[in-house]
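The sequence and the structure come first, and the description follows.

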Amino acid sequence: MSFMIVIAIVSVVPLLCYVSFLLLKKLKEKVESIMNRQKLLRELGDNTLSIRAIFRKEKTQAKDQTMKRDLKIFDFQTIAAATDNFSDTNKLGQGGFGPVYKGKLLDGQEIAIKKLSKSSGQGIVEFKNEAKLIAKLQHTNLVRLLGCSLQGGERLLVYEYLPNKSLDFFIFDSRRKTLLNWEKRFHIIEGIAQGLLYLHKYSRLRVIHRDLKASNILLDEQMNPKISDFGMAKTFAMNELEANTNRIVGTHGYMSPEYVMNGIVSMKSDVYSFGVLVLEIVTSKKNNSCYDTERPLNLVGYAWKLWNEGKGLELIDPIKDESCSPEEALRCIHVGLLCVQDRATDRPTMSDVVSMLTNDSMALPAPKQPAFFINITSDQVPEVTEIKLEVSSGNDVTISEMEPR
């Protein structure tokens, strides 16, 4: 009998040890999850949830902890499982702040996860900026941020997944650009304009994006444009029109002259970027290239030259497209040139731009000389004491920080 008891004890002890190990592991993961969430709340400036409050909410929300205004804090294990532990097969691309992965949650929802680099100090700034802003921004032409996560030094942003990648994936590729007929291109231009108008006028905060470019315009299943990447965005009070900053962020070729040279940022900074983007969409050409044999004209300068010579139609991408309206395309070029004028006060507001695009009978003023029409490479940018360059996509160079004199 005693022998049987000994056998039973010997058999049960390993099982009890294993169960205890599993319970301790689960408890450790739960504690780590709670601490990570508390750290996120502190970083985002929200001290309204205590650890005890989080425990109470855990009972009613099994998977995710929801912050104010529907921004979720995901468990890292949930994100790791959704991306197959961040496997290379799920990698969508590499940005200046880290890799982006595709994932699928247990309920079948597809997501995109931006994993911010541990070594990028700018990545922490971007993380805080985007997570704080997104809860206040709701528009059909803005990418939706679903939530965020934290594991050790890694910060993750979780977005809605958009299957058609970014605009630059199409318009700068000789084969894929044919998938964007004029009707779709005009629809994309209109959508971007509506998104910017919302940011500048109708959102709860006045938001200056500061890094509007083709690679930051994502496309959904119906090729609807969605402005993405608000990590560099700057918020303004509704009665504030411009500000001086000694930290300049943006992408070479898209930044306005007053911003690059003097650190003055305003809504007209985004208008300038929009003008460059419109010209790129119409022509399928990148601004940061040379388009003249005699002078190093970039796309803005080339468009200005042809416009003054009465040859604006030569700018239109010559793909065979029955939907193309020459008048509509010329009107877009006209609007684009108005947006890239040298003086910020000469540029239209986004309200004006939307009216110009949608009202064919509206008379447009003659555009004045644009800024930065001579192509300047990144190592020729004048009046800069410090430049830190980061590759943000295959097509652009992002200036993450520089101090103007």
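In helix α10, 10 of the 14 residues are buried, so this helix is largely enclosed by the rest of the structure. The coordinates examined here are those of a predicted model, and every value below is computed from them. The buried residues of α10 are Ala-329, Arg-331, Cys-332, Ile-333, His-334, Val-335, Gly-336, Leu-337, Leu-338 and Cys-339, and they pack against α6, α8, α9 and α11. The length of α10 can be checked as well: at 1.5 Å a residue its 14 residues should span 20 Å, and the end C-alpha atoms are 20 Å apart, which agrees.

**The chain as a whole**

The chain contains 11 helices and 16 strands, and of its 405 residues 52% count as buried. Among contacts between residues at least 6 apart in sequence, 64% join residues at least 24 apart. The chain exposes about 19800 Å², of which carbon and sulfur atoms supply 54%.

Which residues touch the most other members of the largest nonpolar core? In this core of 63 residues they are Leu-167, Ile-192, Phe-274 and Leu-357. The elements that give two or more residues to the core are α5 (168-171), α6, β9 (217-219), α8, α9 (299-308), α10 and α11, and the largest share, 10 residues, comes from α6. A second, separate core of 25 residues includes Tyr-159, Tyr-161, Ile-208 and Val-265.

Leaving aside residues up to four places away in sequence, Phe-274 touches Ile-189, Ile-192, Ala-193, Leu-196, Leu-212, Cys-339, Met-350, Val-353 and Leu-357.

**Strand β5 and its two partners**

Strand β5 (residues 110-116) is mostly covered, with 6 of its 7 residues buried. On one side of the pairing scheme, 5 bridges join β5 to strand β4 (residues 98-104), and these two strands run antiparallel; within this pair, Lys-104 stands opposite Glu-110 in β5. β4 and β5 form a hairpin with 5 residues between them, and Gly-108 in the turn has a positive phi of about 95°. β5 is also joined by 6 bridges to strand β7 (residues 154-160), again in an antiparallel arrangement, and the bridge partner of Ile-111 in β7 is Glu-160.

**Loop residues with positive phi**

Two residues other than glycine have a positive phi, Asp-84 with a value near 55° and Lys-165 with a value near 60°. Asp-84 is found in the loop between α3 (76-82) and β3 (91-95), whereas the place of Lys-165 is in the loop between β7 and α5. Their accessibilities are listed below, together with that of Ala-80, a residue of helix α3.

| Residue | Relative accessible area | Class |
|---|---|---|
| Asp-84 | 53% | exposed |
| Lys-165 | 45% | partly exposed |
| Ala-80 | 12% | buried |

Ala-80 counts as buried because its relative accessibility is 12%, and the cut-off for a buried residue is under 20%. With residues up to four places away in sequence set aside, Ala-80 touches Asn-85 and Phe-86. The C-alpha atoms of Ala-80 and Leu-105 are separated by 10.0 Å, although the two residues are 25 residues apart along the chain.

Methods. Residues numbered from 1 in each chain as written. Predicted model: local features only at pLDDT ≥ 70, side-chain atom pairs only at ≥ 80, totals over all residues. Heavy atoms only, no water. Helix = DSSP H or I, 4+ residues; strand = E, 2+ residues; numbered from the N terminus. Buried < 20%, exposed > 50% of the residue type's maximum accessible area, 1.4 Å probe, protein only. Contact = heavy atoms within 4.5 Å. Areas by Shrake-Rupley, 256 points an atom, 1.4 Å probe, with all protein chains shown as cover. Core = buried A, V, L, I, M, F, W, Y, C linked by side-chain atoms within 4.5 Å. Expected span 1.5 Å × (residues − 1). Pairing = 2+ DSSP bridges.
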